[in-house]
Amino acid sequence: DIILEIGVQGAAVVRATMQSVVGIFILPPSPEVLRARLAARMTERPEELALRLRNARGEVEQYRHFDYLIMNDEVERASAQMASVIYAERARRERQEWAARRVLASFSEPGGFE
């Protein structure tokens with residue numbers, strides 16, 4: 001598994017250039033919580049933070065282009081939900097075709113049922 005923590009523009013580029021991409025949108029529970037979290041990081045100058053917050057609604061509207069949506073309100077629940085998505089995607093029939101074929105082939109081998 002490869003997990004990229006990128007913005008909506010970067011995700012669009014990845015979807016356009018790669019196959020089998022699974023998009024998970026991490027949704028902040030409210031604008032106020034988003035503002036508090038970004039401010040607490042202290043990674044942006046005040047004017048950069050203000051611009052980011054002005055653009056936040058437009059970015060959140062991009063959730064429609066993702067396969068899954070996780071509300072990031074409780075870290076334990078959100079992490080468990082992310083893990084569930086990863087496990088479910090690993091178990092997709094298309095991704096497990098090789099295993100099914102291997103088991104099916106073993107039915108024809110000595111000790112199998114044919």
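This is a predicted model: local features need pLDDT of at least 70, side-chain atom pairs count only at pLDDT 80 or more; totals for chains, interfaces and linings use all residues.
Phe-66 itself is buried, at 15% relative accessibility.

The structure holds 1 aromatic pair. Its members are Phe-25 and Phe-66, and because their planes stand at 70° with the centres 5.2 Å apart, the pair is edge-to-face. Phe-25 belongs to strand S1, whereas Phe-66 sits in the loop between helix H3 (46-60) and strand S2 (68-71), so the pair ties together parts that are 41 residues apart in sequence. Phe-25 is buried too, with a relative accessible area of 8%.

Leaving aside residues up to four places away in sequence, Val-8 touches Phe-25 and Phe-66, along with Glu-59 and Gln-62.

Now let's turn to the charged side chains, where the structure holds 12 salt bridges. One of them joins Arg-45 and Glu-47 at 2.6 Å, N to O; Arg-45 is partly exposed at 49% relative accessible area, and Glu-47 is partly exposed at 47%. Another links Arg-57 to Glu-61 at 3.3 Å, N to O. Here Arg-57 counts as exposed at 64% relative accessibility, while Glu-61 counts as partly exposed at 34%. Asp-73 and Arg-77 form a salt bridge as well, with their closest N and O atoms 2.5 Å apart. Further along, salt bridges with shared partners connect Glu-89, Arg-92, Arg-93, Glu-94, Arg-95, Glu-97 and Arg-101 into one network.

How values were computed: Residues are numbered from 1 along each chain as its sequence is written. Side-chain values use heavy atoms; hydrogens and water are left out. Contact means heavy atoms within 4.5 Å. Rings of Phe, Tyr and Trp (its six-membered ring) pair if their centres lie within 6.5 Å; planes under 30 degrees apart count as stacked, over 60 as edge-to-face and the rest as tilted. Helices (H or I, at least four residues) and strands (E, at least two) are DSSP runs, numbered from the N terminus. Buried means under 20% relative accessible area, exposed over 50%, partly exposed in between (1.4 Å probe, protein chains only). A salt bridge is a side-chain nitrogen of Lys or Arg within 4 Å of a carboxyl oxygen of Asp or Glu.
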